[in-house]
Amino acid sequence: MRKLIVWNLMTLDGYFEGTKPWDIDFHNLAWGPELQHYAEQFGEEGDLLVFGRKTYEGMASYWPTAESEDTIKAYMNGIAKIAVSRTMTEPGWNNARIVSDPIPELTRLKQEDGKTIFIFGSAELADSLLKAGLIDEIGVCVVPVILGGGNPLFKPAEGQVPLKLIESSTTQGGAAILRYEPVKA
């Protein structure tokens, strides 16, 4: 059975992007050798990336022409990708396809043999999959900055979602990398 892991960078006050789409300059405050290692590890551990439409469009516009990060660029462009969207008709990025209903598709894919499935960004998608009980792990890099406003990583929930800390580390720049598993009832 494959694992489904959500990974995001988030400000100390809980935002994964600023008040405008793709306002993620705060990522530069955390980027360094530790996060580079994590990013390269994702390419070794995973064989599928899943994105909500907005994140997918941003990634698809950036990675094919990215000028740096050769190892990361190679796996981002080569790995299989799913864009979750009810409006897109063409994926427009190498090795990608569109899925309109992610819950049955990811339920099926998790049962197949393969490597880890990763979700980057895509807070609304991650929220729906967490509520459906499909998320096996949540990874968050807490960037040492208070943004003051933006798009919150975690959306309002109907109740508490207990989590178990499975790993924590810090970067030289003071970011905290946290990995949690949802506690199954």
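Predicted model: local features only at pLDDT ≥ 70, side-chain atom pairs only at ≥ 80, totals over all residues.
Leaving aside neighbours within four places in sequence, N151 is in contact with G14, Y15, F16, E17, G18 and E124. N151 belongs to strand 8, which covers residues 151-152. Is N151 buried or exposed, at a relative accessibility of 17%? Buried means under 20% relative accessible area, so N151, at 17%, counts as buried. The side chain of N151 also takes part in a polar contact of 2.5 Å, and its partner is the side chain of K155.

The next stop is helix 2, made of residues 53-62. Which residues of helix 2 are buried? They are T55, Y56, G58, M59 and A60. The elements that cover these buried residues include helix 3. Strands contribute to the cover as well, among them strand 3 (46-52), strand 4 (80-84), strand 5 (96-99) and strand 6 (116-120).

Helix 3 leads on to helix 1. Helix 1 spans residues 33-45 and helix 3 spans residues 70-78. The two pack at an angle of about 35°, and their axes are 9 Å apart. Their crossing is left-handed. On the side of helix 1, the contact is made by A39, E40, F42 and G43. On the side of helix 3, T71, I72 and Y75 make the contact. Sorted by class, the contact of helix 1 with helix 3 has four nonpolar residues, two polar residues and one charged residue.

Note on methods
Residues numbered from 1 in each chain as written. Heavy atoms only, no water. Axes fitted to C-alpha atoms, helices over the stretch in contact; angles between N-to-C directions. Helix = DSSP H or I, 4+ residues; strand = E, 2+ residues; numbered from the N terminus. Left-handed = near helix turned anticlockwise from the far one by under 90°. Contact = heavy atoms within 4.5 Å. Nonpolar A, V, L, I, M, F, W, Y, C, P; charged D, E, K, R; others polar. Buried < 20%, exposed > 50% of the residue type's maximum accessible area, 1.4 Å probe, protein only. Polar contact = N/O pair within 3.5 Å; in protein donor to acceptor, adjacent residues only side chain to side chain.
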